[in-house]
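Open the model in your viewer and keep the selection tool at hand. The stops below say what to select next and what is there.

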Amino acid sequence: MTGVNLSSPHGEALKAAGEVDGRSLWQDAWRRLLANRAAFISLIVLVTLGVVSVVGPYVLPWTYDQIDWDHVEAMPPNFAMGHYFGTDSVGRDLLARTLFGGRISLMVGILATTVALTIGVTVGAVAGFVGGKVDQLLMRFVDLMYAVPLTFFVIILMVLFGRNFILMFLAIGAVEWLTMARIVRGQTLTLRNKEFIDAARASGGSTTAIIIRHIVPNVLGVVMVYVTLTIPQVILLESFLSFLGLGIQEPMTSWGMLINDGAAELEINPRTLIIPAAFMTVTLFCFNFLGDGLRDALDPKDR
Amino acid sequence: MWSYFAKRVAIGVPTLWAIITVCFFLMRLTPGGPFDAEAPVPADILVNLRARYHLDDPLWRQYLDYLVGLLHGDFGPSFKYRDFNVTGLIAQGLPVSLQNGFSALLLAIVIGVPLGIFAALAQNTRRDYIVSAAAMTGIVIPNFVMGQVLILVFGVWLKDSVFHLPAGGWDDGAFPNRILPVFCLALPYIAYLVRITRGSMIEAMRANYVRTARAKGLPFRLVVMRHALNSALIPVVTFLGPATAFLLTGSMVVETIFQIPGIGRYFVQGALNRDYTLVMGVTILSAALIIAMNLLVDIIYSLLDPRVRYNEARS
């Protein structure tokens, strides 16, 4: 992706979308990201995994909760029957379950991170921009929350309010926003006294408008790096809960739960453990590489 | 420094109190109680049960009783293990968890820090890449997967060889029973410590005073050990704070997998059984541990880095 040709349809589209002429920070970062082999491959793997886990369950001959009564004991892969990864201990297709579990795990990861993102960016930007008492109050609260064993709290919430999917990502999101708030606040503090903020204020922008129009877009780079590193953490936390039996409930499944099921079959059928574990590990690897790549790509120091 | 110490303790206490309060009211205000089992208890018995556990007192009364009890080291009765109180269960479980935790931490420091230095001194060579990739793998593979793999390899596949290790159980802390859980608990720490040490060591080796030390002809080994290492260890110390929280959640997984009677396992069992007082007790204890550990880290900090002076509280 070299300089943008404005006469091409692509250039027109960019212009229409309000993109600046020439190479923006984002285009620059994008090019640098693509040049980073590990990050680029990770991106492709993640997109593929995402598409496959969304589309897969519709295409496969078996659904995730359907029992193949002819093969109720764990069966090795059998292509003729359409069990490409074999079946689990009660005769459900392992590939279908792994993909469906991936869908749930990825969904929890993305939704919980969105919750964390919303709270974190709001709190961080308001604290940093408004400053004074508000800043003191919000950041003291964040400090206080850091001392709380948060994993325990997520578990308490799951125990008290029952294990449902919506509560799960809300609860995880509600504990993962702290670092995000700190990062955004730090960035906002450096932005607060820039000329363009003064200009916005001088031309009569309200505090809310300045935060939304000027502060938030400018912290997005850092936030994006942190988001790619939070998603794997959330996936890990969710699978941790499901592994302990405190997360998603049957017949729904997630990678953590599949790993738990597989662990029970460890001696006779290591396959039922290894396959979901491999899917999850690869995903976590890719998110971490992508996050590192994004950090390098967006780091102005390297330019 | 003593005033700083006092100030931190003064902040820590209300924090702990806030955690206790939130915990208590969350537990009591939710629908469903510890006696809502699948088979409902007859009404008369339920009344007696509630009276036995003081659940029929007004809420503020229960709260005050709980606080007073805590001050006496009494976490209340366990709702599920009828013949035990929570303090007794914790007293049984905590030593086991602490032993495992500290062994894991020690193992992680002994392996992780030297490996990080080793990688940093050979930055961007094959040595560095191998160590860094291994560390990334250690971070990415969650310990509940690692635990299973270890069991599969040492407990199942190597069953008949000399490398066989027990796949679970505690056996009153017999040495072979400890190896796998401690190693499993230590692995993510090792990985983090390698990454942290490597990063800070690279930075320290680029610092001006290190260049000066080398320029004046000090042997390389001395430069590393005496000058670079000092400042490189500061982030490692910082990590010990979050490491405590890590250790506590890690112990939940490891103790569940290897069936070790520690507080992590009690917590998970308590959560599955809706044993409110047990869950609450372990949470409060963990919060206290984390707060205490963070305080300790700040003190070690001031000893390591003369630039850190505590005239005012850090923001």
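Because 8 of its 11 residues are buried, H10(B) is largely enclosed by the rest of the structure. A residue is buried if 20 or more other C-beta atoms lie within 10 Å of its own, exposed if 12 or fewer, and partly exposed in between, with C-beta atoms placed from the backbone. To see the buried part, select Ile263(B), Gly264(B), Arg265(B), Tyr266(B), Phe267(B), Val268(B), Gly270(B) and Ala271(B).

A note on the model: it is predicted, local features need pLDDT of at least 70, side-chain atom pairs count only at pLDDT 80 or more, and totals for chains, interfaces and linings use all residues. Residues are numbered from 1 along each chain as its sequence is written, while chains are lettered from A and ligands numbered from 1 in the order in which they are written.

Next, look at both ends of H10(B). After the helix comes Arg274(B), with a positive phi near 55°. Gln259(B) is not a glycine, yet its phi is positive, about 55°. Is Gln259(B) buried or partly exposed? Gln259(B) is partly exposed, because 13 other C-beta atoms lie within 10 Å.

Chain B has 11 helices and 0 strands, and its C-alpha atoms fill a box of roughly 85 × 60 × 30 Å along the principal axes. Of its 315 residues, 36% count as buried.

Colour chain B by domain: domain 1 covers 2-71 and domain 2 covers 89-304, with bounds that come from an automatic or database domain assignment. The centres of the two domains, taken over C-alpha atoms, are 33 Å apart. Where they touch, 11 residues of domain 1 are in contact with 12 residues of domain 2 (two residues are in contact if their C-beta atoms, placed from the backbone, lie within 7 Å). The domain 1 side of this contact has 8 nonpolar, 2 polar and 1 charged residues. Here Ala, Val, Leu, Ile, Met, Phe, Trp, Tyr, Cys and Pro count as nonpolar, Asp, Glu, Lys and Arg as charged, and the others, Gly among them, as polar.

The average is 80, and 91% of the residues score at least 70. Residues 311-315 of chain B are below 50, and this stretch has 1 contact beyond near neighbours in sequence.

Move to chain A, which has 11 helices and 0 strands. Of its 303 residues, 40% count as buried. Select H4(A), residues 94-130, and H7(A), residues 165-192: their axes come within 5 Å and cross at roughly 35°. Axes are lines fitted to C-alpha atoms, for helices over the stretch in contact, and angles run from 0 to 180 degrees between N-to-C directions. The contact of H4(A) with H7(A) has 23 nonpolar, 5 polar and 4 charged residues.

Finish between the chains, where 29 residues of chain A are in contact with 32 residues of chain B. On the chain A side, H6 (150-161), H9 (207-243), H10 (255-264) and H11 (270-298) each supply at least two residues. That side has 23 nonpolar, 5 polar and 1 charged residues. The model scores ipTM 0.74 and pTM 0.78.

Key:
Helix = DSSP H or I, 4+ residues; strand = E, 2+ residues; numbered from the N terminus. pLDDT = per-residue confidence, 0-100.
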